[in-house]
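Subject: Structure handover

Hello,

Here is the structure for your files. My notes on it follow below.

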Amino acid sequence: RDEVRRATDEARAEAAAPKENPVGELAKQQQEVAKQAAEMAKEAAQERGKDSPAAHEAGEAKESAQKAAGEMRAGALHAAKEAGKQASEQMRQLAKQLAQTPGDATAPAEAAKAEQLAEKQEEITRKLEPLADNPAAQRAQQEAEQKDLQKQTGELTQDLNKLARQFDEAHKGREASQAQQAANSGKQAEGAMQQAEQQTQQANQ
């Protein structure tokens, strides 16, 4: 009876588990939003000064979006969801500040850009909501991230091995070149000695 129950539980768990990683695409989208938020923060600091309210708000939105991306990649979906909500609120606040900036020709376009980014962030957070309480989704993302890290580590190891081989070959080539130079120097010295010996013989005659 216990075996039947265990088999039933395993089958149920397998059925509940996602066949593929549902968070993977959202993580990519979140990474793109974080990238755009960083660009927006950089522009705000350059155009309005790093101590301006707009630059401050844009900086906080960037940090929240980046935190959401990091948490999502790690499979910490609850934390990612909360950081995403915070990021969209900060982006809305930035859009409001820019829209209220008098005498600035670029402010309306930048406000619209911040508003669009806030909508993207809200959409990602909305799609993440049902997955945040799904242990199988979290596990699938954690496994995918682990595989990705293993792949990156493997590629880095290959690059280092290739670099080591190139360095080794270059080192051997340098040693061979030095040996050839030494041999050439030896031949020159030998030739000089022979020439000196001939001159000495001629002088003695």
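Which residues make a nonpolar surface patch of about 310 Å²? Leu156, Leu160 and Leu163 do. A patch here joins nonpolar side chains (Val, Leu, Ile, Met, Phe, Trp, Tyr) within 5 Å, taking residues with over 30% relative accessible area and no salt bridge. Areas come from the Shrake-Rupley method with a 1.4 Å probe, and for residues only the protein chains shown count as cover. Leucine 163 sits in helix H6 (residues 135–204) and is exposed at 52% relative accessible area. Exposed means over 50%, buried under 20%, and partly exposed in between.

This is a predicted model, in which local features need pLDDT of at least 70 and side-chain atom pairs count only at pLDDT 80 or more, while totals for chains, interfaces and linings use all residues. Residues are numbered from 1 along each chain as its sequence is written, and side-chain values use heavy atoms, with hydrogens and water left out.

The chain has 6 helices and 0 strands; helices are DSSP runs (H or I, at least four residues), strands likewise (E, at least two), numbered from the N terminus. Of its 205 residues, 26% are buried.

Core

The largest nonpolar core holds 32 residues, and Met72, Leu77, Met91 and Leu94 have the most contacts inside it. Such a core is a set of buried Ala, Val, Leu, Ile, Met, Phe, Trp, Tyr and Cys residues joined through side-chain atoms within 4.5 Å. H2 (24–48), H3 (53–73), H4 (77–99) and H5 (107–128) each supply at least two of its residues, and H2 gives the most, with 8. Leaving aside neighbours within four places in sequence, methionine 91 is in contact (heavy atoms within 4.5 Å) with residues including Val33, Ala61, Ala114 and Leu117.

Salt bridges

There are 7 salt bridges in the structure, each a side-chain nitrogen of Lys or Arg within 4 Å of a carboxyl oxygen of Asp or Glu. Lysine 113 pairs with glutamate 43 at 3.4 Å, N to O; this joins H5 to H2 across 70 residues of sequence. Arginine 92 bridges to glutamate 122, with the closest N and O atoms 2.7 Å apart; that pair links H4 and H5, 30 residues apart. Arginine 92 also meets glutamate 115 at 1.8 Å, N to O. Arginine 92 is partly exposed, at 25% relative accessibility. Glu47, Arg48 and Glu110 are linked in a salt-bridge network.

Regards

Note on methods. Buried means under 20% relative accessible area, exposed over 50%, partly exposed in between (1.4 Å probe, protein chains only). Patches are made of residues with over 30% relative accessible area and no salt bridge: like charges are joined within 9 Å, nonpolar side chains (Val, Leu, Ile, Met, Phe, Trp, Tyr) within 5 Å.
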